[in-house]
Amino acid sequence: MENCIFCKIINGEIPSFTVYEDDDFKAILDLSPATKGHTLVIPKEHSITLLDLSKDRAEKLLEITKKIVNGLKSVLNFSNYNIIQNNGKLAGQTVEHFHLHIIPRYSVEEITLWVPHENDPSVNNSLADEIRNAIK
Ligand code: 5GP
Ligand code: ZN
């Protein structure tokens, strides 16, 4: 895709610090890391959200991610980490080329992911029914 930053990184038009690469994926250090070693796992094929990702890449993604996490852990000496993947602007996606974040955690304070809210259990009950029926 012409104006996609990550396609340009994959093509080598924009430099990046690559930590892993194979035929289908490239993993790079994030330009503005949340923590040391914050890495982006990027399928080379251009897709925007999880639902656009091909079956083949989706199936390979977690195995590749596990491999990269192991490498990061051995270098950076952490045991806790977050896997985050934003879909759409409201969810915080700023680069419209699918990618998954690996964020090593060294302390509790570094990032806040969400603020929990009180919830009425009866709402969840009917909601779960509705969702279960919608999943095919
Ligand atoms: P998103 O908010 O879309 O889930 O994450 C996009 C990530 O890409 C951000 O964490 C941002 O710092 C990173 N990023 C944006 N542009 C570049 C770039 O040119 N190079 C690298 N290495 N990371 C980038
Ligand atoms: Zn792209």
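A polar side-chain atom of His99 lies 2.9 Å from an oxygen atom of ligand 1, a polar contact being a pair of N or O atoms within 3.5 Å, where within protein one must be able to donate a hydrogen and the other to accept it, and residues adjacent in sequence count only if both atoms are side-chain atoms. This is a predicted model, in which local features need pLDDT of at least 70 and side-chain atom pairs count only at pLDDT 80 or more, while totals for chains, interfaces and linings use all residues. Residues are numbered from 1 along each chain as its sequence is written, chains are lettered from A and ligands numbered from 1 in the order in which they are written, and side-chain values use heavy atoms, with hydrogens and water left out.

**Ligand 1**

- Around ligand 1 there are 16 residues, of which Asp30, Asn86, Gly92, Thr94 and His101 come nearest; a residue is near a molecule or strand if one of its heavy atoms lies within 4 Å of it.
- Asn86 places a polar side-chain atom 2.9 Å from an oxygen atom of ligand 1, whereas Thr94 has a backbone N or O atom 2.7 Å from an oxygen atom of this ligand.
- On its own, ligand 1 has 520 Å² of accessible area, and the protein covers 84% of it; such areas come from the Shrake-Rupley method with a 1.4 Å probe, and for residues only the protein chains shown count as cover.

**The zinc site**

- The zinc ion (ligand 2) is coordinated at 2.0 to 2.3 Å by Cys4 (SG), Cys7 (SG), His46 (ND1) and His97 (ND1), where donors are N, O and S atoms within 2.8 Å of the metal (3.2 Å for Na, K and Ca), and sites may look incomplete because water is not among the atoms.
- The arrangement is tetrahedral because the 4 donor atoms around the zinc ion (ligand 2) subtend angles of 105 to 116°, and four donors count as tetrahedral if all angles lie between 85 and 135 degrees.
- Along the chain, the donors of the zinc ion (ligand 2) follow the spacing C-x2-C-x38-H-x50-H.
- Cys7 lies in helix H1 (residues 5-11) and His97 in the loop between strand S4 (80-84) and strand S5 (100-105), so this pair ties together parts that are 90 residues apart in sequence.
- Cys7 counts as buried at 7% relative accessibility, and His97 is buried with a relative accessible area of 0%; buried means under 20% relative accessible area, exposed over 50%, and partly exposed in between (1.4 Å probe, protein chains only).

**The chain as a whole**

- The protein chain has 3 helices and 5 strands, running α-β-β-β-α-β-β-α from the N terminus on; helices (H or I, at least four residues) and strands (E, at least two) are DSSP runs, numbered from the N terminus.
- The C-alpha trace spans about 50 × 35 × 25 Å along its principal axes, and 34% of the 136 residues of the protein chain count as buried.

- Phe6, which is found in helix H1, counts as buried at 6% relative accessibility.
- Not counting residues up to four places away in sequence, Phe6 touches Leu40, Ile42, Val95, His97 and His99, where contact means heavy atoms within 4.5 Å.
- Asn77, in the loop between helix H2 (55-76) and S4, is exposed with a relative accessible area of 71%, and its phi is near 60°, a positive value in a residue other than glycine.

Technical notes
Tetrahedral: all angles 85-135°; square planar, octahedral: opposite > 155°, others 65-115°.
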